Protein chains: 2
Amino acid sequence: MADSNRKKQILNGAARLFRKRGFTATSMRDIASELQIEAPSLYNHIKGKQEILQILLLELARSFTSGMEVIRNSTLTYEEQLEKLIRLHVDLTIKHPNGMALLTSDWVHLEEPAFSQYVSMRDEYELAFRNILIGAFKNDGKESVNVDLALFSILSTLRWLYTWVLKNPEINPVELEKEMIENLLSGIFNRS
Amino acid sequence: MADSNRKKQILNGAARLFRKRGFTATSMRDIASELQIEAPSLYNHIKGKQEILQILLLELARSFTSGMEVIRNSTLTYEEQLEKLIRLHVDLTIKHPNGMALLTSDWVHLEEPAFSQYVSMRDEYELAFRNILIGAFKNDGKESVNVDLALFSILSTLRWLYTWVLKNPEINPVELEKEMIENLLSGIFNRS
DNA sequence: GTCTATAAGAGGATAGAC
DNA sequence: GTCTATCCTCTTATAGAC
C-alpha cells in the first residue's frame, strides 16, 4: 500500500539524519524536508518521533537476537560460530548502516518500556557472544586470555563497521566478511 | 582563583552529561543543576554552551596531536612507536573518559571554525597513525595486509576504550596499557 | 494524505537587582 | 558571582480545511 511505502521512506530518511546529527538534533521538520513534505504530514504515518526511533532500534536488535539464536542452536564448533557471528554483523551492517549508528549511540533516548527491552536484548546478546568466545578459547587451549577485553575489542570493531561501510559503498560483502574474520580472529586463534 | 575553579567544575560536569545523553540533549539548566546553581550563573564563567564543547574537544584533540608529534619525532622503531601510541590513548582515556566520548560522537556539533580545526587535526592524526602502521608492517615483512582495515580495527577499539575505563574505575593504567598492546598488536605482528 | 494555523512547552541567552 | 524575570526561537504535536 502507499502508506506502508511512505512509512518506509520516513524510516529510511530519519535513520540517515539520526546517524548524521543524532536523534535529538534532528527535528521532525528535518525528516519531513527529506521527503519534501511538511512536518505535520508525517503524523499520518507514524505516531511521533519516539516511535520512529523505537521501530528502527528494536527491529534491528531483534535481527541480531534471532541471528544469534540460529547460531547458538547449531551444531557448529565454537570457532565456526564465531565466524558466523562476524558474518551476521557484516551482513546486517551492510543492510542497515544507518541503523547500526543508532545502536551505538541513540539508544539512550529510547523511552520506557522500549529502553528496557533494548538493553536486555543487548545484554543477552553480548552474554551469548561471550559464551561462544569462551568456548572457542577453551578449545584452542587459551584459558589465560582476558576474555572480556578480547570481547570488548571485537565488539568495538564490529560496532564501528558501519562507518567503514559508509565510506566504502562499493564494498563486496563476501570479501568484507572474509577480511573481518581474518582481522578479528587470526590474532586470537592459531589458524591455518 | 575561584573563577577558574568554577570553570573547571562546569567543564567537568558538562563533559559527564554530554557523554551520558549527548551534547544536544543536555541543556544549560542540566549543567547548572549539577553544580546546584541556576543556568544564567554559568554565563559568568563561559560564553555559552558551544564554548564548553569547543574547549573540551579541542583541548583533548591537541593532547593527541602533541603526543603524536613527540612519538613521530623519536628515534624509536615503528613497532615501538605503535606501542607508544597505544599508551598515549590509554593514558588520555583514563584521564578524560568523558571527553573521549565526545571525540567519537559530539564533534559533529562543533560550529565553524572549530569544526574545521577539529576535523583537520583528526585527519592528520589518523594519517600519521597510518604511516607508522605501514612502517611497522613493512619491517615485519607483511605487505599484503589490508592496512586500512587494520588501522580501522585498532582505532575502533581505542575509541571505545572509554566505556571500558568507565565500567572498570579501579583499573591499573600500566596493566591496561600492557593488555591493550598485547590485544591490538599480537595478532598483527610476530611477537615474542 | 497533505496542507496551514496554532497550541504548549523547552531551550539558549541577556538584563538588571542584590 | 548568583539570582529572578524575561525574550525569542525552535520543537513536538494537534485541529481542522481541502
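The model is predicted: local features need pLDDT of at least 70, side-chain atom pairs count only at pLDDT 80 or more, and totals for chains, interfaces and linings use all residues. Residues are numbered from 1 along each chain as its sequence is written, chains are lettered from A and ligands numbered from 1 in the order in which they are written, and side-chain values use heavy atoms, with hydrogens and water left out.

Chains A and B meet through 26 residues from chain B and 26 residues from chain A. Contact here means heavy atoms within 4.5 Å. The size of an interface is often given as the accessible area lost when the parts come together. Between chain B and chain A, the buried area is about 2,300 Å², and carbon and sulfur atoms give 63% of it. Buried area is the accessible area (1.4 Å probe) that two parts lose on being put together, summed over both. On the chain B side, B:Leu149, B:Phe152 and B:Trp160 lose the most area to chain A, together 29% of what that side buries.

Polar contacts cross this interface in 10 residue pairs, both residues being at pLDDT 80 or more. A polar contact is a pair of N or O atoms within 3.5 Å; within protein, one must be able to donate a hydrogen and the other to accept it, and residues adjacent in sequence count only if both atoms are side-chain atoms. In chain B, α1 (2-21), α7 (147-167) and α8 (173-185) each give two or more residues to the side that touches chain A. Helices are DSSP runs (H or I, at least four residues), as are strands (E, at least two), numbered from the N terminus. The most comes from α7(B), with 12 residues.

Residue A:Thr157 sits in helix α7 (residues 147-167) of chain A. A:Thr157 is buried, at 1% relative accessible area. Buried means under 20% relative accessible area, exposed over 50%, and partly exposed in between (1.4 Å probe, protein chains only). The side chains of A:Thr157 and B:Ser153 are joined by a polar contact of 3.2 Å. Beyond its neighbours within four places in sequence, A:Thr157 has contacts that include A:Met180, B:Phe152 and B:Thr157.

Around DNA strand D there are 16 residues, of which A:Arg29, B:Glu38, B:Ser41, B:Asn44 and B:His45 come nearest. A residue is near a strand if one of its heavy atoms lies within 4 Å of it. Polar side-chain atoms of A:Lys49 and B:Arg6 lie 2.8 Å and 3.0 Å from a phosphate oxygen.

Over all chains, the structure holds 16 salt bridges. A salt bridge is a side-chain nitrogen of Lys or Arg within 4 Å of a carboxyl oxygen of Asp or Glu. Between chain B and chain A the count is 0. A:Arg16 pairs with A:Glu34, the closest N and O atoms being 2.6 Å apart. A:Arg16 lies in helix α1 (residues 2-21) of chain A and A:Glu34 in helix α2, so the pair ties together parts 18 residues apart in sequence. A:Arg16 is partly exposed, at 30% relative accessibility.
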